[in-house]
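Take a walk through this protein with the sequence beside you.

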Amino acid sequence: MTYRVGLTGGIGSGKSTVAALFAELGVPVIDTDVISHQLTQSGGAAIAAIRKALGDEYITDNGALDREKVRQRIFSDPESKQILEDILHPLILKLARNQVEASTAPYVLIVVPLLFETQNFSNWMQRTLTVDCAETTQLARVTKRQNISEQNVRAIMAQQLPRSARLQLTDDTIENDGNLSALKSQVSRLNQLYLKLAKNSVERSN
């Protein structure tokens, strides 16, 4: 099977930018956020279960997940957050597995924002990569890009694994406090490493 590298990082760390740089090198990228949106759009495979668990008021008139209402609820209700994750995570993992199995590339990059918080995903990966930057950089990027208040960004960060813990768990780290050129250099180096690891993995399995 294609070698699996899990990409993670805190909000505003630059996961999407790093994933795009890997994609430019020809690496297939599977984004679990994209899969999640597919599952919760109008007619999505998770809508019926979410409606049953949380109620009609969290589904829009056109049959999609009302993201803003759900976001407000899970911030104040950890049990609801767990219910939602119990519905979505198995479906996301199944669809991600299907995409990996269909790939013929040496390795795939799988973007999972809560990789280390979600055991089923972390156990599935053969290598993990964390995009890291200073927390002040995270705050500045997200408040500027998404027009979210600093208080709300900090609330999101508080629900994620602490930066120090994430760095202890990861195999590789990309520092994203510098410029794009420095980022490209790190991605290029890791791409060569992952191609080598993927080749070694195939040789061991033969």
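Which residue in β4 is the bridge partner of G9? It is V131. Before going further, note that this is a predicted model: local features need pLDDT of at least 70, side-chain atom pairs count only at pLDDT 80 or more, and totals for chains, interfaces and linings use all residues. Residues are numbered from 1 along each chain as its sequence is written, and side-chain values use heavy atoms, with hydrogens and water left out.

Start with the sheet. It is open and has five strands, in the order β2-β3-β1-β4-β5. The pairing is parallel. Strands here are DSSP runs of E with at least two residues, helices are runs of H or I with at least four residues, and both are numbered from the N terminus. Two strands pair if DSSP finds at least two bridges between them. At the edges sit β2 (29-31) and β5 (172-175), and each pairs on one side only. On average, neighbouring strands are turned by 25 degrees against each other, direction ignored.

Now look at β1, residues 3-9. With β4 (residues 127-132), strand β1 pairs in the parallel sense over five bridges. Within that pairing, V5 stands opposite R127. Helix α10 packs on the sheet and touches β1, β3, β4 and β5. The direction of α10 makes about 165 degrees with that of β5. Such angles run from 0 to 180 degrees between N-to-C directions, and the axes are lines fitted to C-alpha atoms, for helices over the stretch in contact. Contact means heavy atoms within 4.5 Å.

β1 also pairs with β3, again in the parallel sense and over five bridges. Here Y3 stands opposite Y107.

How many residues of β1 are buried? Seven of its seven are, and the strand is mostly covered. Buried means under 20% relative accessible area, exposed means over 50%, and partly exposed lies in between (1.4 Å probe, protein chains only). In a regular strand the side chains alternate between the two faces of the sheet. In β1, Y3, V5, L7 and G9 point one way. R4, G6 and T8 point the other way.

Next come the rings. The structure holds two aromatic pairs. F22 and Y194 form a stacked one, 6.3 Å centre to centre with 25 degrees between the planes. This pair links distant parts of the chain: F22 is in helix α1 (residues 15-24) and Y194 in helix α10 (residues 180-205), 172 residues apart. F22 counts as buried because its relative accessibility is 0%. Y194 is buried too, with a relative accessible area of 0%. The rings of Y107 and Y194 have their centres 5.6 Å apart and their planes at 70 degrees, so this pair is edge-to-face. Rings of Phe, Tyr and Trp (its six-membered ring) pair if their centres lie within 6.5 Å; planes under 30 degrees apart count as stacked, over 60 as edge-to-face and the rest as tilted. Y107 lies in strand β3 (residues 107-111) and Y194 in α10, so the pair ties together parts that are 87 residues apart in sequence. Y107 is buried as well. Together, the ring pairs link F22, Y107 and Y194 into a cluster.

Turn to the charges. There are seven salt bridges in the structure. A salt bridge is a side-chain nitrogen of Lys or Arg within 4 Å of a carboxyl oxygen of Asp or Glu. One of them joins E85 and K81 at 2.8 Å, N to O. Both residues lie in helix α5 (residues 78-102), four residues apart, about one turn of the helix. Are they buried or exposed? E85 and K81 are both buried. Leaving aside neighbours within four places in sequence, K81 is in contact with I74 and Q159.

Another salt bridge links D77 and R73, with the closest N and O atoms 3.9 Å apart. D77 is partly exposed because its relative accessible area is 24%. R73 counts as partly exposed, at 24% relative accessibility. D56 and R51 also meet in a salt bridge, at 3.2 Å, N to O. R51 counts as partly exposed because its relative accessibility is 34%.

Finish at A155, in helix α8 (residues 150-159). With a relative accessible area of 29%, A155 is partly exposed.
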